[in-house]
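Hi,

Here is the structure I promised to pass on to you.

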Amino acid sequence: HGPHPARAWAAANGYRVGAQGRLPAEVLAAWTEAGRPLHTRPPRQGRTGQTTAAQAYRLLHAILATAVLDGLILTNPAMVKGAGVVHHAERETATPDEVAQLADLMPERLACAVWLAAWSSLRRGELLGLARRHVDLAAGSIRVERALGRDRQLHLTKTRASVRTVYLPGPVVDLLANHLARFVGPDPAALVFSTMAGDPVNASNLLASFDRARAAIGRPHLTWHDLRHTGATLAYQAGGSVRDVQHRLGHATSRAAMI
């Protein structure tokens with residue numbers, strides 16, 4: 001038998017475990033809650049890398065153009081045609097039935113996160129940063145004010161446009177109400193999505209569970225971020241304008257909402 005998969009998972013997620021010996025009960029419980037991942041998630045490559053490279057090239061071109069104007073160099077050497085342009089591939093989206101299937105395949109504490117991601121279009125960090133005080137069940141809305149960062153700390157949203165109130169369809173409000181009753185404490189500061197100990201959800205655990213769910217429904221290329229695009233598509237289909245969807249997504253301009 002090889003090493004227990006919970007050992008590698010625990011080490012990758014900040015738990016202090018030895019190379020051998022019995023694993024602590026709390027580590028096994030956390031691993032089980034995370035969906036019993038068999039391996040840690042490798043870094044993703046793809047659209048984000050292309051966008052970052054294009055942005056870096058545009059910045060370099062602008063710096064060198066300024067150097068030409070200042071007489072420091074004769075010509076701008078950054079003249080690679082198309083290097084600063086990103087051609088966005090058509091975004092993957094899920095159908096409402098697929099969203100329901102994905103949610104059913106997630107750990108119980110994370111099932112509602114799929115529903116909210118698809119029907120609210122919140123970014124992953126915004127979703128994981130929600131507290132009970134941000135939810136208004138009577139109005140059927142959630143208030144976005146902050147996000148959980150990669151450092152697993154809560155930060156205020158980076159732009160004014162990201163601070164917004166998003167309204168949900170009635171059935172999704174009912175699902176959220178049930179989730180709050182089962183998994184969220186009464187404290188207004190209690191996180192909507194948390195571990196059994198009340199700590200922020202580790203994004204790698206969320207994505208590992210989502211990987212298994214998307215494979216099970218035959219959508220291996222669907223990403224968590226594509227749930228956000230699913231929500232935008234559903235909003236357009238419901239009759240939302242570009243401005244409506246721009247606000248719902250928390251974009252400062254309409255360009256990203258149109259993409």
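Predicted model: local features only at pLDDT ≥ 70, side-chain atom pairs only at ≥ 80, totals over all residues.

Let's begin with the cores. The largest nonpolar core has 40 residues, and Leu 116, Leu 127, Leu 176, Phe 193 and Trp 224 have the most contacts inside it. Two or more residues each come from helix 4 (96-105), helix 5 (108-120), helix 6 (124-128), strand 2 (141-144), helix 7 (170-183), helix 8 (203-216) and helix 9 (224-237). Helix 5 gives the largest share of this core, eight residues.

Leaving aside residues up to four places away in sequence, Leu 176 touches Cys 112, Leu 116, Val 135, Leu 137, Ile 142, Leu 168 and Val 192. Another core, of seven residues, lies apart from the largest one; Trp 9, Ala 10, Val 27 and Trp 31 are among its members.

Now to the helix pair. How do helix 4 and helix 5 pack? Their axes are 8 Å apart, at an angle of about 155°. With angles over 145 degrees counted as roughly antiparallel, helix 4 and helix 5 are therefore roughly antiparallel to each other. The crossing of helix 4 past helix 5 is right-handed.

On the helix 4 side, the contact is made by Pro 96, Val 99, Ala 100, Leu 102 and Ala 103; helix 5 brings Ala 111, Val 114, Trp 115, Ala 118 and Trp 119. By class, this contact has ten nonpolar residues, with no polar and no charged ones.

Best wishes

Technical notes
Residues numbered from 1 in each chain as written. Heavy atoms only, no water. Core = buried A, V, L, I, M, F, W, Y, C linked by side-chain atoms within 4.5 Å. Buried < 20%, exposed > 50% of the residue type's maximum accessible area, 1.4 Å probe, protein only. Helix = DSSP H or I, 4+ residues; strand = E, 2+ residues; numbered from the N terminus. Contact = heavy atoms within 4.5 Å. Axes fitted to C-alpha atoms, helices over the stretch in contact; angles between N-to-C directions. Parallel < 35°, antiparallel > 145°, perpendicular 65-115°, else oblique. Left-handed = near helix turned anticlockwise from the far one by under 90°. Nonpolar A, V, L, I, M, F, W, Y, C, P; charged D, E, K, R; others polar.
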